[in-house]
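Please keep the sequence and the structure in view while reading.

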Amino acid sequence: MIKILLVEDEGIIAADMENMLEAMGYDLMETAMDYEEALERLEEGTPDLILLDVNLGGKKDGIDLAEVINERFSVPFIFTTSYSDGPTIQRANAVNPTNYLVKPFKKEQLFTAIELALLKIAGEKKLESEKPETEGLVIKDALFIKEKYRYTKLPVSDILWLKAEGNYIEIHLAEKKELIRMSLSHFLEKVNRPNFFRTHKSYAVNLDYMTKFEPTMVTILESEIPITKTYAEELVKRIEVM
């Protein structure tokens, strides 16, 4: 589940946003009301995304906080603001927010702002005009799986093996499987981890879970995954190096 930190100094607005975010299935940290509280929350734990009010009402505003976030925490943030004057926008642009959200806004606008931010973080160029119900974004060490109005965070290290099915990938975990729209080649390129190894045009495995290797089969825990001759030879070389 995606963890979000909300930084908002107006209690009514904060409560409304908390309700919307919880309804969408996001994991919320305790809301921070000002600059100092926000730093305390960030010291306690790292969120995946921050919703940051530009005007926090104290000596230091959201833009000052954004500078510290960039320097010390490297967490992406969306500015929420009621202000659209030139000087404020100019200061805000200088700290490279992932997105902007102008108050007041509805649940759908909040979801879209978060989705666009995640797409930007993942390096995607644009939203597709027609998207399936479930999509996946690879960001750092996690896969974010979209289901309607929520994204579920899945650590890449939990993935055992993958199977391509047309334009989709079956992602097999220890106790369940997920389905995302993405080619196997694109997924492996995005993940870019040496422990993910392609065994077949339609299969890839996480070598951290390999328990047996035979000329035509790789065993991942208890699952037997086919491997072609070319990939088997490559895997032998890799094992010998290891």
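Does Asp-48 count as buried or exposed, and at what relative accessibility? Asp-48 counts as buried because its relative accessibility is 18%; the term buried stands for under 20% relative accessible area, exposed for over 50%, and partly exposed for the range in between, with a 1.4 Å probe and protein chains only.

The model is predicted: local features need pLDDT of at least 70, and side-chain atom pairs count only at pLDDT 80 or more, whereas totals for chains, interfaces and linings use all residues. Residues are numbered from 1 along each chain as its sequence is written, and side-chain values use heavy atoms, with hydrogens and water left out.

## Salt bridges

A search of the whole structure finds 12 salt bridges, a salt bridge being a side-chain nitrogen of Lys or Arg within 4 Å of a carboxyl oxygen of Asp or Glu. Three of them are set out below.

| Lys-153 | Asp-48 | 2.8 Å |

The salt bridge of Asp-48 with Lys-153 has an N to O distance of 2.8 Å. Asp-48 lies in the loop between helix 2 (35-44) and strand 3 (49-53) and Lys-153 in strand 8 (residues 150-155), so this pair ties together parts that are 105 residues apart in sequence. Helices (H or I, at least four residues) and strands (E, at least two) are DSSP runs, numbered from the N terminus. Lys-153 has a relative accessibility of 31% and therefore counts as partly exposed.

Because Arg-91 belongs to helix 4 and Asp-61 to the loop between strand 3 and helix 3 (62-73), the pair ties together parts 30 residues apart in sequence. Arg-91 is partly exposed at 37% relative accessibility, while Asp-61 is buried at 16%.

Arg-193 is partly exposed, with a relative accessible area of 24%, and Asp-141 is exposed, with 52%.

An open sheet is formed by 5 strands in the order 11-10-9-13-12, with antiparallel pairing; two strands pair if DSSP finds at least two bridges between them. Strand 11 (177-181) and strand 12 (196-200) are the edge strands, each pairing on one side only. On average, neighbouring strands of this sheet are turned by 25° against each other, direction ignored. Such angles run from 0 to 180 degrees between N-to-C directions, and the axes are lines fitted to C-alpha atoms, for helices over the stretch in contact. Within the sheet, strand 9 (residues 161-165) and strand 13 (residues 203-206) pair in the antiparallel sense over 3 bridges, and Trp-161 stands opposite Val-205 in strand 13.

Helix 6 (residues 184-191) lies across strand 9, strand 10 (168-172), strand 11, strand 12 and strand 13, and runs at about 160° to strand 12. Which residues of helix 6 are buried? They are Leu-184, Phe-187, Leu-188 and Val-191. Seen down the axis of helix 6, these buried residues fall within an arc of 95°, so they line one face of the helix; the arc is that of the directions from the helix axis to the C-beta atoms. An α-helix has 3.6 residues a turn, so residues three or four places apart point the same way. Just after helix 6, Asn-192 takes a positive phi of about 50°.

Strand 15 (residues 217-220) and strand 16 pair in the antiparallel sense over 4 bridges, and Glu-224 in strand 16 is the bridge partner of Thr-219.

## The surroundings of Pro-97

Pro-97 is placed in the loop between helix 4 (86-93) and strand 5 (99-102). Pro-97 counts as buried because its relative accessibility is 9%. Not counting residues up to four places away in sequence, Pro-97 touches Phe-77, Phe-79, Ala-92 and Lys-120, contact meaning heavy atoms within 4.5 Å.
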